[in-house]
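Reader: Hey, I've just opened this one and I'm new to it. Could you walk me through it?

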Amino acid sequence: MESQADDGGSVDLDGATAERLETLTLEPLLTRDYETRPALVYERLRRRHGPVAPVDLLGVPAWLVLGYREALDVLQDDAGWPKGLENWRARTDGEVPADWPLGPSLEVNHVLIQGGPGYRPLRQAWDAALKPFQDPRHAQAKRLKAAVTAYADELISLVGQAGGTGLADLSAQFSRPLPLMVASHLLGFPGSQGDDALMDMWRVLDAGPDAEPALERLLATLAELAAVKLEKPGDDFPSYLLAAHPELSLDELARELFMLLGMTSDHVGILISNTVVEVLSGEGGVRASLSAGMVRESMNRVVMRKPPLVNFVPRFAAKDTPLGNYTIRAGDPVWVSAAAAHADPLFAGNVCPSTTVSTRAHLSWGAGLRQCPARELASTVAAVGVGRLFERFSHLELALPADQLPWRSSPFMRGLRSLPVRYELAATPAQPSAPARTAESDATVLPDPAVRQRSSLWRYLTGLIGVGR
Ligand code: HEM
């Protein structure tokens, strides 16, 4: 039963406004204001609407979940709030424009987006395929750590080619390429053959004019890689995923590899840059926990203070459901905002910055059934990379005040556009250097230097040497 609210909307019996999303006055979310000061935008929405706000996402109506409790309600109830674009009423009714800018990133039907019966076996396969890289006793996990160390050393040495002291952009020269190189290692690209594909991933993420042809080339390269792994399995993620889920078609496998490449390169890169900034600006107790050797603790503080994935991919109400001050109609899209939920007084008011161990109750890795399966891997890569930076540079300082660093915002993530620093290399470089080997596998983790130098990634990075001079 419904009655009329003061503003003309209808109110159902438990007090929630039951007006249709499409008929509400929607505030565009992705504005210049959001790019520069997202926290203020979240607070304005919270004041106006409470814990759940109707917003306009580049021309498409959606609900943004700003409340911590409401975010948990959604994330922990997969049956009530399933993923899967087939559950989106407006899309089924043909109301989502074909050229909606977010379409391309949501329409690739991989594990992060997918709902329905295919999801569970796929997620189980992901867990199985990631396990060797995340179980610290496993040879693959040790080999991965050795590889990250070696790649970090390669990149730092390249920065140092400009001189023992200088200016560098640690985003372009370290935080972004390092996880790309790690992704190439996980994918089992032979040599540095994957470097060209990695450059294409960059073009896709930057969404510039060459993004579309880059996406086509990238998917074709990943499909070729998938075919090679099907023919001749190796010790790598695609082969492990296939072993755990033999029914995957080559196309499906290529989509999952695309997902891995995107998550690894973008999100881990953001985490590395954010950690460097937090350490250098001494915020949030990160420097103290890092120098006390509490690397996991440092990572936890950084992802909580600045979640790389600010808004999660959409879920859809399975039936009309009250949430916050509104009733969400069956099939309405709901975007959980981890960044806004962390600013909810219910969460923020209970976080004590001075405690030695920060809370794990944050949402930066998700919550419930669909939380991130690669948390350990991502934290390890970031921690090893950041650790190596602070070992090899005797001095690092931000070349801009922390509040003037340039941010790039998308509907999903928030990271730095560049990270300008002044550096001084340590006089005696801490070991190890290339080519790194691991005792367990005795396998070289660095590709042949001659091949590396010919690759497009390397040519690009070489062009950046001394970039800030
Ligand atoms: C700093 C790095 C990362 C952060 C902060 C992060 C965060 C997240 C979050 C918040 C979710 C849940 C999204 C949702 O509920 O809609 C998620 C899901 C996921 N992440 Fe990560 N992630 C990171 C790195 C990675 C990496 C490197 C991989 C792959 C190697 C990965 C693989 C996945 C997958 C497969 C899912 C989907 C899980 C599912 O729906 O069952 N993530 N991640």
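This is a predicted model: local features need pLDDT of at least 70, side-chain atom pairs count only at pLDDT 80 or more; totals for chains, interfaces and linings use all residues.

Reader: OK, where does the ligand sit?

Author: In the largest cavity. On a 1 Å grid over the protein atoms alone, a cavity is a set of points where a 1.4 Å probe fits but cannot get out. A molecule sits in a cavity if more than half of its atoms lie within 2 Å of its grid points.

Reader: And which elements give two or more residues to the shell around the ligand?

Author: Those are α6 (119-134) and α13 (250-281). The largest share, seven residues, comes from α13. Helices here are DSSP runs of H or I with at least four residues, strands are E runs of at least two, and both are numbered from the N terminus.

Reader: Which residues come nearest to the ligand?

Author: K83, Y119, R123, R315 and C372, out of 27 residues around the ligand. To be near, a residue needs a heavy atom within 4 Å of the molecule.

Reader: How do the shell residues divide into nonpolar, polar and charged?

Author: There are 18 nonpolar, five polar and four charged residues in the shell. Ala, Val, Leu, Ile, Met, Phe, Trp, Tyr, Cys and Pro count as nonpolar, Asp, Glu, Lys and Arg as charged, and the others, Gly among them, as polar.

Reader: Which side chains have a polar atom by an oxygen of the ligand?

Author: K83 has a polar side-chain atom 2.9 Å from a ligand oxygen. For R123, an N or O atom in the side chain is 2.8 Å from an oxygen of the ligand. R370 also places a polar side-chain atom 2.9 Å from a ligand oxygen.

Reader: Back to R315: buried or exposed?

Author: R315 counts as buried because its relative accessibility is 3%. Buried means under 20% relative accessible area, exposed over 50%, and partly exposed in between (1.4 Å probe, protein chains only). R315 is in strand β7 (residues 315-316). R315 and D78 are 237 residues apart in sequence, yet 8.6 Å apart in space, C-alpha to C-alpha.

Reader: What does the side chain of R392 contact?

Author: The side chain of D153, in a polar contact at 3.0 Å. A polar contact is a pair of N or O atoms within 3.5 Å; within protein, one must be able to donate a hydrogen and the other to accept it, and residues adjacent in sequence count only if both atoms are side-chain atoms. R392 lies in helix α18 (residues 375-392), and R392 is buried because its relative accessibility is 8%.

Reader: Changing topic, why does E212 count as exposed?

Author: Because E212 has 62% relative accessibility. E212 belongs to helix α11 (residues 211-231).

Reader: And what about the phi of L58?

Author: L58 has a positive phi of about 50°, although L58 is not a glycine. You'll find L58 in the loop between β4 (52-57) and β5 (60-65).

Conventions:
Residues are numbered from 1 along each chain as its sequence is written. Side-chain values use heavy atoms; hydrogens and water are left out. On a 1 Å grid over the protein atoms alone, a cavity is a set of points where a 1.4 Å probe fits but cannot get out, and a pocket is an open set with protein on both sides within 12 Å along at least five of seven lines; lining residues have an atom within 4 Å of a point.
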